[in-house]
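User: Hello! I am new to this structure and would like to learn how to read it. Could you take me through it step by step?

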Amino acid sequence: MTLDIDRLRAETPGTRNRIHLNNAGAALMPAPVYEAVKDHFDLELAIGGYEAHARARAAFERTYDAIAELINCDRREIALVENATVGWQMAFHGMQFTPGDRILTAEAEYAANVIAYLQVAKQTGVKIDFVPSDESGQMDVAALDSMIDDRVKLISVTHVPTNGGLINPAVEIGRIARKHDIPYLLDACQSVGQIPVDVAKIGCDMLSVTGRKYLRGPRGTGFLYVRSDFMDKLEPPFLDMHGAEWTSMDGYEMRPDARRFENWEFNVSGVIGLGVAVDYLLDLGIEETSARLCTLAATAREKLAQVPGISVRDIGARKGGIVTFDHASKSAEEIKAHLATHNINVSVTGLSSTRFDLEKRGIEAMVRASFHYYNTEEEIDRLCAGLKDL
């Protein structure tokens with residue numbers, strides 16, 4: 001289908017007065033998502049939280065089905081959680097590590113994940129190994145294959161890193177993981193909603209996602225996917241009476257599905273809003289929306305490279321909707337503040353977010369402009385114009 005950009009922008013009130021290029025931070029919600037969240041809050045106000053949840057049960061449960069359709073899995077493999085970090089940590093800390101075990105990860109791995117690796121290494125003696133990047137900047141799949149031995153207990157990779165357009169080769173990594181029968185955890189925080197993600201094709205055992213970024217859902221929402229035949233190999237780091245049933249004075253039984261990774265209390269309005277956001281994307285078509293936002297980003301790279309003083313810093317054989325750049329004499333924070341005076345939202349990605357990659361490249365900080373399908377080429381021109389008068 002052809003995207004009706006005028007209609008989509010009309011349904012996105014945030015585009016009226018600002019140029020929003022911080023979609024990798026939090027995208028603008030479409031009006032139907034906002035209305036769904038607001039309507040449920042109104043219902044809670046009128047009849048009470050538990051009563052509203054009971055009345056909205058169908059909409060709440062629809063979120064599991066919508067997510068399952070989007071990433072090609074069974075609804076029983078989905079756990080709804082507060083954000084991608086919670087989902088990722090429920091999976092990662094559900095693994096059992098012993099001294100001498102190895103975790104393989106990418107050079108552009110996100111800081112939150114690396115900190116968790118380092119914490120577990122400190123606690124258990126596990127060893128963290130960074131797989132080299134190839135000449136394009138993505139994880140070198142051949143190097144990954146050569147680094148595997150019987151001590152490798154996990155391959156854990158950020159699909160789309162926070163610091164640029166790079167898209168790591170998730171499917172090829174999955175083939176290596178399956179070949180060696182090694183658990184594979186994919187941080188898809190930036191990729192689901194930005195590009196098509198099919199967990200069956202990727203072959204990952206676990207995948208974590210947030211709602212607020214490219215899915216255009218509310219903040220405080222996310223989900224964890226766990227492959228059904230891998231589920232019993234994980235022990236949730238904590239359980240409550242939602243994830244398990246107290247079956248005897250000294251015994252409990254976990255739920256048979258991924259909801260064992262959830263907890264009792266939910267932001268019900270947020271979950272409903274997330275489901276509406278996923279359905280909104282499904283109606284538009286992820287292939288169409290992804291093609292548009294990736295094309296916008298590619299156009300931005302070309303035009304930014306022509307602005308005096310600007311250097312585009314994106315790496316990777318395949319690039320997505322995130323564009324990073326810096327300036328010969330102005331800091332990333334100065335550029336962000338300057339663009340804000342032009343009503344342009346961007347963000348800054350720095351050394352502490354992806355230290356291994358940025359130290360290797362000798363970069364302290366970059367401006368990050370992240371595009372969505374509701375952005376326009378005219379907005380790219382305004383971005384470049386704003387940079388020319390630094």
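Analyst: Gladly! Let us begin with pairing: two strands count as a pair if DSSP finds at least two bridges between them. Keep in mind that this is a predicted model. Here, strand 6 (residues 184-187) and strand 7 (residues 206-210) are joined by 3 bridges and run in the parallel sense.

User: Which residue is the bridge partner of Asp187 in strand 7?

Analyst: Ser208 is the partner of Asp187 there.

User: In what order do the strands of the 7-stranded sheet lie?

Analyst: The order is 2-8-7-6-5-3-4, in an open sheet with mixed pairing. Strand 2 (78-81) and strand 4 (127-131) each have a single partner strand, so one side of each lacks a neighbour in the sheet. From one strand to the next, the twist averages 20°.

User: And the side chains of a strand, where do they go?

Analyst: As a general idea, side chains in a regular strand alternate between the two faces of the sheet.

User: Which strands does helix 6 lie across?

Analyst: Helix 6 (residues 111-124) lies across strand 3 (102-106), strand 4, strand 5 (152-158) and strand 6. Relative to strand 4, helix 6 runs at about 145°.

User: What is Ile71 in contact with, beyond its neighbours within four places in sequence?

Analyst: Ile71 is in contact with Ile78, Val192, Val197, Asp198, Val199, Phe223 and Tyr225.

User: How many cavities of 30 Å³ or more turn up in the whole structure?

Analyst: The search finds 1 cavity of that size. The largest cavity has a volume of about 30 Å³, and the residues lining it are Ala108, Asn163, Gly164, Leu166, Ile315, Asp357 and Arg361.

User: What is the pairing in the sheet of 4 strands?

Analyst: The pairing is antiparallel, in an open sheet with the order 11-12-15-14. At its edges, strand 11 (310-312) and strand 14 (347-350) each pair on one side only. Ignoring direction, neighbouring strands of this sheet are turned by 40° against each other on average. Inside that order, strand 12 (residues 322-327) and strand 15 (residues 365-370) pair over 4 bridges, and Ile322 has Ser370 as its bridge partner in strand 15. Helix 11 (residues 286-304) packs on this sheet, touching strand 11 and strand 12, and its direction makes about 15° with that of strand 12.

Note on methods: Residues are numbered from 1 along each chain as its sequence is written. This is a predicted model: local features need pLDDT of at least 70, side-chain atom pairs count only at pLDDT 80 or more; totals for chains, interfaces and linings use all residues. Side-chain values use heavy atoms; hydrogens and water are left out. Helices (H or I, at least four residues) and strands (E, at least two) are DSSP runs, numbered from the N terminus. Axes are lines fitted to C-alpha atoms, for helices over the stretch in contact, and angles run from 0 to 180 degrees between N-to-C directions. Contact means heavy atoms within 4.5 Å. On a 1 Å grid over the protein atoms alone, a cavity is a set of points where a 1.4 Å probe fits but cannot get out, and a pocket is an open set with protein on both sides within 12 Å along at least five of seven lines; lining residues have an atom within 4 Å of a point. Grid points are joined across faces, edges and corners, and a volume is the space filled by probe spheres set on the points.
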